[in-house]
Amino acid sequence: MNRLWLHRMIWSYVPLYFIFFTFLFIVFVHTMEEQLRLSAKDSSAVFARQMLQSVDVTLKSVEYRIIRELLHNNRLADFMLEKGPADVYARYEIAMQLRELKKELAVIDSFYLLRFSDGLAFNGNVLARSSGETMAVGFAAATASGAEGSRWTDVRPFREYPFQQERMVTSLVYPVPDSRQPKGLLIVNVSAAALREQASGLFDGKGTFVRLYDRSGAPVFAQGDAEAVAEGRALAAISSDYTGWKLESGFHGRAPLRSTSGHSLLWMTLVIVIGALGAFSVVYVTRQHYKPIERLIGRIHVLDSQRFRAAGNTGRSGPDEFAFIASAIESLAARSTTSEKRVVEADIWRRKQLIRELLAGAAPPDKLAALTGTQGSCAAAFIVEIDRPRQTFGQYSARDQSLFRYIIGSVAGELAGRSGRELWEEWQSPTRLSAVLFSHCSDRGDPEAGAIGEALVRWVSDNLGFTVTVGIGDPVRSLDQVALSYRQAEEALRYKAALGHGRTIRYRKEDTEGKAEPDTRSRAIRRIAEAYRSGGDEWIRELEQFLNGCAAAGWTGRRSGSGRRRC
């Protein structure tokens with residue numbers, strides 16, 4: 001046998017392989033640089049987020065420490081409320097506490113208190129009037145640049161004393177004693193240089209840079225090579241929800257690609273080797289995978305030739321292997337589907353037939369023995385009857401009624417399955433479902449039938465537009481007595497008119513046996529009540545028959561002098 005199909009398979013794979021390999025190679029060459037840039041952008045975004053978070057944490061620590069100082073240090077409020085002679089000792093204590101705070105938080109450049117009542121400014125060393133003073137000018141700049149939602153100002157030039165050089169600071173402004181009735185302000189200046197120095201521990205400036213801007217766009221600080229800071233293009237920009245500042249990060253020039261720029265020859269060699277190995281693997285794998293097909297085709301040749309020789313057709317040049325395989329698979333699938341469908345239909349029919357035989361007490365012994373081995377020897381029968389079918393259930397279309405019957409049967413089966421029991425059910429009439437609950441015998445009987453019936457009654461009442469009543473027979477310890485349990489369930493349902501709808505009714509032996517003379521009056525009254533509940537006019541005829549029977553038996557509606565008994 002020639003290997004025509006093998007050659008076809010190889011030549012169908014190899015050209016496609018080289019086409020896709022070339023395409024992927026071109027895409028790889030053109031996208032490698034862009035991919036590296038995307039990676040650099042992602043890393044820049046992560047770094048910028050961490051850097052900005054570090055700045056936010058530093059500023060938050062200052063703000064939280066100031067809030068705690070305002071809550072626990074009453075001397076600041078006393079300074080703002082001071083009206084009489086100056087308390088020199090109190091001011092000294094304020095200065096000492098603020099200096100300790102400055103030592104605790106190294107990023108604090110300076111601070112001062114500004115009192116509204118007299119415009120007095122106090123920085124711990126000097127008391128000055130705000131009018132025309134450097135600190136007052138700084139406060140005006142601070143309050144003018146403050147943004148809603150943040151107590152931190154934009155960066156501004158500041159010097160504490162006239163002889164000092166200006167330095168860039170950002171200010172935290174807090175009212176004292178509270179924001180509802182402020183008597184003055186506590187202003188804390190944080191040095192931008194200190195923020196830059198603190199953030200430098202997270203940064204390696206070789207070919208990279210970061211730039212931090214305030215809300216107005218003024219630079220807070222820049223970190224990195226001078227060339228990178230001046231000419232670098234930002235790859236990531238992150239804004240702070242706390243201060244509103246924006247931090248940019250990126251690389252200078254082609255820094256991300258420097259690690260790969262000197263490896264072009266190595267990449268080309270690697271690509272050629274991978275391409276050759278890929279082509280060889282395509283041929284090798286195709287040959288290995290073709291071996292089972294080759295054996296199958298050889299077997300098909302033999303079988304097909306025998307079939308045509310038996311049919312007397314010797315002029316056929318050669319078999320169509322794949323058409324033969326497709327025909328065989330389709331035929332096998334069709335036969336399998338038909339067989340499965342017949343098995344399911346036969347199983348459903350046998351189960352329904354067996355339920356009828358069990359309820360009628362006519363099941364053959366061999367079927368009872370087989371059923372006992374699979375389902376157990378104990379069972380209980382119960383009947384689910386739809387209440388007032390003419391007034392409620394009859395209002396639905398035939399399709400809806402069929403759907404409701406399916407739902408009730410499925411819910412009953414699911415409730416039985418939850419308790420580890422198996423339920424066989426069948427609708428004996430459009431409004432009556434007969435069911436058999438199987439279980440293994442126990443000394444105390446099987447209480448699950450009652451629980452399932454009560455759960456089913458509740459479910460139908462809560463979810464459907466009508467109610468059902470469930471009559472339950474006694475559990476039996478032999479499957480040939482299921483018919484007795486079924487008759488007991490029917491007997492229990494006869495008390496539905498007297499006991500009410502939408503409930504479970506268990507069979508009680510004392511209701512039907514144990515009396516030498518049946519109480520015909522009670523039975524007649526129950527028949528009248530049942531006819532009345534059904535909603536028809538049959539109860540009138542039943543009542544007339546009951547009254548006529550009372551009169552014929554010597555009963556009367558009142559006690560008379562003749563001694564006749566009252567009905």
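Two strands count as paired if DSSP finds at least two bridges between them. With that in hand, here are some notes on the structure.

1. A word on the basis. This is a predicted model, in which local features need pLDDT of at least 70 and side-chain atom pairs count only at pLDDT 80 or more, while totals for chains, interfaces and linings use all residues. Residues are numbered from 1 along each chain as its sequence is written, and side-chain values use heavy atoms, with hydrogens and water left out.

2. The open sheet. Five strands build an open sheet with mixed pairing, in the order β12-β13-β11-β14-β15; strands here are DSSP runs (E, at least two residues) and helices likewise (H or I, at least four), numbered from the N terminus. At the edges are β12 (422–429) and β15 (504–506), each pairing on one side only. On average, neighbouring strands of this sheet are turned by 20° against each other, direction ignored. Axes are lines fitted to C-alpha atoms, for helices over the stretch in contact, and angles run from 0 to 180 degrees between N-to-C directions.

3. β12 and β13 (residues 432–439) are antiparallel and share seven bridges. Trp 427 has Leu 433 in β13 as its bridge partner.

4. Helices on the sheet. Helix α10 (residues 398–418) packs on the sheet and touches β11 (378–386), β12, β13 and β14 (468–472); its direction makes about 160° with that of β12. Helix α11 (residues 448–463) packs on the sheet too, touching β11, β13, β14 and β15, with its direction at about 175° to that of β14. Contact here means heavy atoms within 4.5 Å.

5. Pro 175, worth a look. This residue sits in strand β5 (residues 167–176). Pro 175 counts as buried because its relative accessibility is 14% (buried is under 20% relative accessible area, exposed over 50%, partly exposed in between, with a 1.4 Å probe and protein chains only). Beyond its neighbours within four places in sequence, Pro 175 contacts Leu 70, Arg 151, Pro 182, Gly 184 and Leu 185. Leu 114 is 61 residues away from Pro 175 along the chain, yet their C-alpha atoms are separated by 9.5 Å.

6. A nonpolar surface patch. Phe 28, Val 29, Trp 267, Leu 270 and Ile 274 together have about 410 Å² of accessible area (Shrake-Rupley method, 1.4 Å probe; for residues, only the protein chains shown count as cover). Patch residues have over 30% relative accessible area and no salt bridge, and nonpolar side chains are joined within 5 Å; a salt bridge is a side-chain nitrogen of Lys or Arg within 4 Å of a carboxyl oxygen of Asp or Glu. Both α1 (4–72) and α7 (264–310) give two or more residues, and α7 supplies the largest share, three residues. Ile 274 lies in α7 and is partly exposed, with a relative accessible area of 43%.

Definitions and conventions
Patches are made of residues with over 30% relative accessible area and no salt bridge: like charges are joined within 9 Å, nonpolar side chains (Val, Leu, Ile, Met, Phe, Trp, Tyr) within 5 Å.
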